[in-house]
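Open the model in your viewer and keep the selection tool at hand.

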Amino acid sequence: MGNLTLSNITKNFGTVEVIKGVNLTVEDGEFCVFVGPSGCGKSTLLRIIAGLEDASGGDIKIDGVPVNNTPPSKREIAMVFQSYALYPHLTVRDNMGLGLKQAGSSAAQVAESVARASGMLSLDALLDRRPAELSGGQRQRVAIGRAIVRTPKLFLFDEPLSNLDAALRVNTRIEIARLHRELKATMVYVTHDQVEAMTLADKIVVLNAGRVEQVGRPMDLYNDPDNAFVAGFIGSPKMNFLKAQAMDGQGETVGVRPEHLAISRDAGVIAGRISHVEKLGSETLIYVRAEPHGLLTVRQFGEQDFVVDEAVYLTPDAPRAFRFDAGGLRMR
Amino acid sequence: MSVSRHSPARSVAAHAVLLTYTLIALFPVFVIVINAFKSRKAIFAHPLALPNAETLDWVGFKTVLKQGDFFQYFLNSMTVTVGSLFFVLLFGAMAAFALSEYRFKGNTLVGLYLALGIMIPIRLGTVAILQLMVASGLVNTLTALVLVYTAQGLPLAVFILSEFMRQVSDDLKNAGRIDGLSEYRIFFRLVLPLIRPAMATVAVFTMIPIWNDLWFPLILAPAESTKTITLGSQVFIGQFVTDWNAVLAALSLAILPVLVLYLIFSRQLIRGITAGAVK
């Protein structure tokens with residue numbers, strides 16, 4: 001239960017238009033990730049869905065019911081915040097139960113829901129502590145637990161992993177993915193990290209400057225981007241953009257992913273000089289300066305023995321290159 | 001890391017400066033308190049000497065307790081101070097919450113208007129205030145003083161508190177909204193506890209001028225039943241003769257309640273002053 005429809009959502013702050021007409025459908029049970037650079041409006045869009053901001057125009061429907069004028073607590077949503085936002089004066093148990101208590105559930109119901117959620121997140125040992133006595137990772141688990149307790153139609157996550165360190169981030173990411181499978185709930189997740197988007201999403205919405213650039217499954221966005229922005233944003237390291245004029249003259253730029261550039265000491269299409277080498281063990285990233293294209297990234301598997309200042313040749317894997325016109329649109 | 005800060009020479013110098021300042025600041029209080037316990041002759045002969053068996057004299061305190069209703073004066077001062085403090089903190093925090101939390105037309109303008117009171121002394125309006133109090137029949141009531149002091153304290157309270165309220169996490173307030181807490185509960189249960197240090201700071205800065213004020217009690221409420229302690233002590237200061245024993249005893253006594261209030265707030269106050277400086 002829980003699908004979300006946004007039609008023509010706009011949002012102005014004063015004269016600044018931060019959301020410029022967003023249309024989107026999130027199906028029941030889907031994990032939808034909003035991704036984009038900072039300032040693209042993804043958090044604002046999430047807050048509009050939550051009802052914490054009013055949309056300047058357009059309709060929001062949850063399960064087909066317009067909720068534009070419904071206060072946040074009546075939208076049957078739950079939200080997990082970047083800064084955890086636990087109530088400092090309440091114990092973990094009360095933090096998790098507050099929403100249900102406010103909604104008028106009986107004490108027994110609240111206790112049961114809290115027990116169920118704390119079991120799922122192994123929070124049982126922490127229930128009587130206060131937020132100040134928890135570590136960052138524990139706090140975020142409590143915040144997620146607080147969302148689960150309410151059995152909402154819609155889970156909203158606002159960059160929930162940004163304040164965690166790298167190891168915890170991976171663990172919590174896996175935990176969220178597991179919860180999504182177990183709860184089969186609709187989730188909307190905001191992040192600026194395309195790795196989180198790729199690993200968690202059923203559907204990714206790439207936002208840029210208040211507009212939706214492309215919507216699709218992670219591998220569709222990776223293999224079939226609509227424009228240069230999406231092509232550059234999805235995938236890490238970033239896609240290389242070659243000047244088409246220096247190649248065959250078709251279009252404006254040619255996009256080639258670092259893993260689709262072959263490198264050789266003897267011959268190739270693009271001549272360049274190595275400016276930096278990063279060895280990561282499982283892969284080696286080689287940065288090659290090649291005029292007029294600029295700095296290009298090549299990704300090779302395993303350890304590779306290239307050294308800085310070496311002259312090399314690069315060859316794009318032609319069938320896997322993308323062509324973009326002057327406006328950044330994909331030429332198919 | 002802090003090697004230089006812990007060098008003994010620096011530490012001695014810093015403490016010397018702080019101790020000197022403490023002595024200068026406490027000296028008048030010290031002189032008042034020791035002389036309150038001495039006979040009139042001893043006050044003038046050896047003003048800086050401690051009271052001893054010969055010079056010890058309780059006459060000042062006896063006069064204070066005999067003359068007028070000093071307990072009543074204390075009660076009046078306390079009522080006015082605590083009452084004004086309560087309203088300044090309540091209304092100041094509420095206005096600050098509205099200014100920092102809600103976007104509305106003229107938000108900045110209203111904020112500036114409220115802050116303007118910091119720069120304009122309320123005493124300029126004394127005549128108008130007196131006329132207002134006469135018209136509304138509030139002359140010689142403690143209500144008049146509470147109203148005036150609330151107005152006097154609000155600008156600074158709004159100014160300081162709205163700055164602190166802006167620092168309270170938006171996420172926390174939004175989490176409360178999603179959990180269905182009313183704006184009042186968000187304000188009283190989530191936001192106010194987090195800005196307690198700022199509240200204590202405002203409380204101290206508001207409290208002391210009110211306790212010490214002579215002007216408004218003299219003009220608005222000089223009746224025997226509404227005299228404050230500061231006004232009450234003035235009966236011992238005459239144009240030709242001043243009963244120093246009584247004046248000093250009254251002042252010594254007047255320090256006590258405000259000292260107690262200060263101690264209550266001071267633990268929070270230090271955190272308030274240094275908040276933001278040390279994270």
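Start with chain B. Its domain assignment, automatic or from a database, gives domain 1 (1–57) and domain 2 (61–274). This is a predicted model: local features need pLDDT of at least 70 and side-chain atom pairs pLDDT 80 or more, while totals for chains, interfaces and linings use all residues. Residues are numbered from 1 along each chain as its sequence is written, and chains are lettered from A and ligands numbered from 1 in the order in which they are written.

Color the two domains of chain B. Their centres, taken over C-alpha atoms, are 30 Å apart. Seven residues from domain 1 of chain B and seven from domain 2 of chain B make the contact (C-beta atoms, placed from the backbone, within 7 Å).

Next, select α1 (8–36) and α2 (40–45) of chain B. Each supplies at least two residues of the side of domain 1 that touches domain 2. Helices here are DSSP runs of H or I, at least four residues, numbered from the N terminus. α1(B) gives the most to that side, with five residues.

Now the largest nonpolar core, with 136 residues. Such a core is a set of buried Ala, Val, Leu, Ile, Met, Phe, Trp, Tyr and Cys residues joined through C-beta atoms within 7 Å; buried means 20 or more other C-beta atoms within 10 Å of the residue's own, with C-beta atoms placed from the backbone. Helix α7 (residues 142–165) of chain B brings the largest share, 15 residues.

Pick Leu145(B). Beyond its neighbours within four places in sequence, Leu145(B) is in contact with Val80(B), Phe216(B), Pro217(B), Leu220(B) and Ala221(B).

Notes: Buried ≥ 20, exposed ≤ 12 C-beta atoms within 10 Å, placed from the backbone. Contact = placed C-beta atoms within 7 Å.
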